[in-house]
Amino acid sequence: MDVTTFHNEWWKEKIVYQIYPRSFCDSDNDGIGDIAGIISRLPYLKDLGVGVIWLSPVYASPDADNGYDISDYYDINPKLGSMDDMTKLIEQAKKLDIGIMMDLVINHTSDEHEWFTKSRNKIDDYRNYYIWRKGRGKGKAPNNWTSFFMDEVWEYDHASDEYYLHLFHKKQPDLNYENEKVIAEVEKIMRFWLDKGIVGFRCDVINVLVKETFEDGKGFPIKGLEHYKSKEQNHQILRDLRQNVLSHYDCFTVGEAVMVNLEEARLLSEPDRKELDILFYFDHLEVDRYVSRYIPKRFNALKLLKVLTKWQQGLSWNAVYFENHDQPRIVSHYGQDKEYWERSAKLIATMQLTLRGTQFIYQGQEIGMTNFDFSSIDELRDIESFNIDRLMKKLFIPKPLRWKWIKLSSRDNARTPMQWDDSEYGGFSTIKPWIGVNANHKQINQASQVDDPESLLSYYRQLIQLRKDSDTLKYGEFVSVYANSHLMVFARVLESEIYLTLLNFSSKQRKIPLPLSGEVVISNLLRDEYCSTLEAYEAIVIKNDLNAEVEYDYI
C-alpha cells in the first residue's frame, strides 16, 4: 500500500475531539458552558493531541433539544457566547493547529426560525420551505408515522388548518427538500461558516432529508422510516452540496446516518460517490442491546469483533468512535466502572485507537467519565428519555424496570458537566450547573490525572502519540484474528509490519490459544512482555514482523 496517497487527506490522521459546549467549561459562572470556556481549554486539548474540535450546535436556539433546534444559522446562542467569541475560537484554535468542525443540522429548524414563522403565516414562498399536509379527517393526522422521539410526527396548526411534519420534537419542523430554495439556503449557510475558517461539518441525521412519499408506514417503534431513509434524491442532494460548496474548500464531512446498514453507508461515503467523506454508524454500540440503546443483553466480545470487522473491512475509511452526546459512557457500557474502572477504560482506549479510521474522542472520555448517578427520572433533561418512558409505560413495563433501562442508556449519561477537578461542581462552574454533576468527580477528574504518568489521561496521550508515529496504525489493513465471548484479538498490517491488539473483556484471567509474540509497545498493566495470558481487563499491543519466526497463518 502506498500511504503517501492518504497523507493528502489530512483529516484521516487527525484526532477529533467532540465538545458538548453547554457541558464543557463555564467561563462566566452562569451554570452553562460557553465558547469562552472552550477557548480557555485549548492548551489542554493541544497537549492531548487533538487536531480537530467538533462542536455540538452553538447556533441561536430556543433549546427545546439542546441546540439541535436552530432559530438562526448565522448567529450564536447568547447562552454560549457571541459571534466574536466564535471568531476568536476559530482563530485561537488555528494558531495551535486545531481546526473547528461545526454541527450541520439541516433536516429541520426550530419552529422559532424566521423561515417557519413566515411559512406558518403563508408569506411569499416560505410556505413551501416546510412540509404541510391536510389531515385525513377531523383530528386525524395525514399518516401514521411516528417520530424518532417515539411521539407523533404531525403537529396541527390552527391558523392554517394544516399539519406540519417533524421527525423529531414538535419544535423541530422538517425542511422540504423538494424545494430548491431550501437547498440554496443550505449552501449559503455552509459557505458562510467555511468562509469563517472552519474545517468541516458533522452532518446531523443526514440520510433522512428527502421524504419520498407520505403513505402510511410499517415497523415498530418507528413507523414510516421506509418512506424517507436513504432515498436516491437524498444522495443527489449530497452530491450537489459536495460539488457546489465543499469541493471549493479544504474541508471534510462526517455524516450521522439514521439506522444505516453497510450497503447504505457505502453509498453515502465511498470516495467515488462524492457525497460524504466518512460516516457514523451504530452497530458496534448495540451488540449488547435488543432495541437500539434501551433493552440490554449480555455483552459478547466475539459479536463485537464481528461487527467491527464488517465495518473496518467494508468501508474504505471509517469514523471511529465509542462515545458521543447521544450514547452512554463507554466505560459504563463495555467496561466495568467500579472495581476495574481505570483498567477497563484503558482497555477500551487501546481498542479504539488501534482501529483503522479517523478517531473521534468525546469530552471526558479521556479521563474515564462514567454514566451519571442520578436517582430518578426527574433529574434528567433529555426529551428523548421522557418520551421513551411514556412509550414503555404504554407497553405496561413496570416503573422500576423503565428507570433501570433509562438510567443505563439515557443520552444525559454523556451530558453531565466535564469533571475538571474535585471542587463542588467539578471545576465546570462555581454555581449549580444546568444538569447535575456526577458525584464521582471527587475521584475522577482531569486535575488528578494530568500530571500522573500512569493515569488514564496519560495513557490516551501515549496511544495518540503511538498512532501518530505509526503508518501501520494509521493506514494498515484491519485483520480479525481471534475472539470468544471474553477475548478479542485483531491486527493492523502494513507491508511486513504487524501490530496485534489483545483485549480481555472480563474480570478473570484468560488464555489466548494462539502462538503470538512480539515487542510490547503499550500495555494498560505496564507489562514488558507477553506470555499467552491476559489478566482481568488487560489490554496489550505487540509489534512484530511478518517475516519473523512466528508464522501468522491467520493473517
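Colleague: Before we start, what should I keep in mind about the numbering and the model?

Modeller: Residues are counted from 1 along each chain as its sequence is written, and side-chain values use heavy atoms, with hydrogens and water left out. The model is predicted, and local features need pLDDT of at least 70, side-chain atom pairs count only at pLDDT 80 or more, while totals for chains, interfaces and linings use all residues.

Colleague: Okay, what order do the strands of the open sheet have?

Modeller: The open sheet has eight strands in the order E11-E10-E9-E5-E2-E1-E13-E12, with parallel pairing. Strand E11 (278-280) and strand E12 (319-320) stand at the edges with a single partner strand each, so one side of each has no neighbour in the sheet. Strands (E, at least two residues) and helices (H or I, at least four) are DSSP runs numbered from the N terminus, and two strands pair if DSSP finds at least two bridges between them.

Colleague: Which strands does E9 pair with?

Modeller: Strand E5 (residues 99-104) is joined to E9 by four bridges, and the two run parallel, with Met 102 opposite Phe 201 in E9. E9 also pairs in the parallel sense with strand E10 (residues 252-256), over four bridges, and there Arg 202 stands opposite Val 254. From E9 the chain crosses through helix H7 (residues 232-244) to E10, and this β-α-β crossover is right-handed, a word that applies if, with the strands pointing away from the viewer, the path from the first strand over the helix to the second runs clockwise.

Colleague: And are the faces of E9 buried or exposed?

Modeller: Both faces of E9 (residues 200-203) are covered, with Gly 200 and Arg 202 buried on one side and Phe 201 and Cys 203 buried on the other. Buried means under 20% relative accessible area, exposed over 50%, and partly exposed in between (1.4 Å probe, protein chains only).

Colleague: Switching topic, which residues touch the most other members of the largest nonpolar core?

Modeller: In that core of 149 residues they are Tyr 17, Leu 55, Met 86, Tyr 177, Trp 193, Phe 201 and Met 351. A nonpolar core is a set of buried Ala, Val, Leu, Ile, Met, Phe, Trp, Tyr and Cys residues joined through side-chain atoms within 4.5 Å. Apart from it lies another core, of 18 residues, including Ala 141 and Tyr 163.

Colleague: What is Trp 193 in contact with?

Modeller: Leaving aside neighbours within four places in sequence, Trp 193 is in contact (heavy atoms within 4.5 Å) with residues including Tyr 59, Met 86, Met 102 and Phe 201.

Colleague: How many aromatic pairs does a search of the whole structure find?

Modeller: The search finds 35, where rings of Phe, Tyr and Trp (its six-membered ring) pair if their centres lie within 6.5 Å, and planes under 30 degrees apart count as stacked, over 60 as edge-to-face and the rest as tilted. One of them is the stacked pair of Trp 54 and Phe 280, 5.6 Å centre to centre with 25° between the planes. Trp 54 lies in strand E2 and Phe 280 in strand E11, so this pair ties together parts that are 226 residues apart in sequence. Trp 54 is buried at 2% relative accessible area, and Phe 280 is buried at 3%.

Colleague: Which charged end sits over the ring of Trp 132?

Modeller: The charged end of Arg 127 does, 3.7 Å from the ring centre; a charge sits over a ring if NZ of Lys or CZ of Arg is within 6 Å of the ring centre and within 35 degrees of the ring normal.
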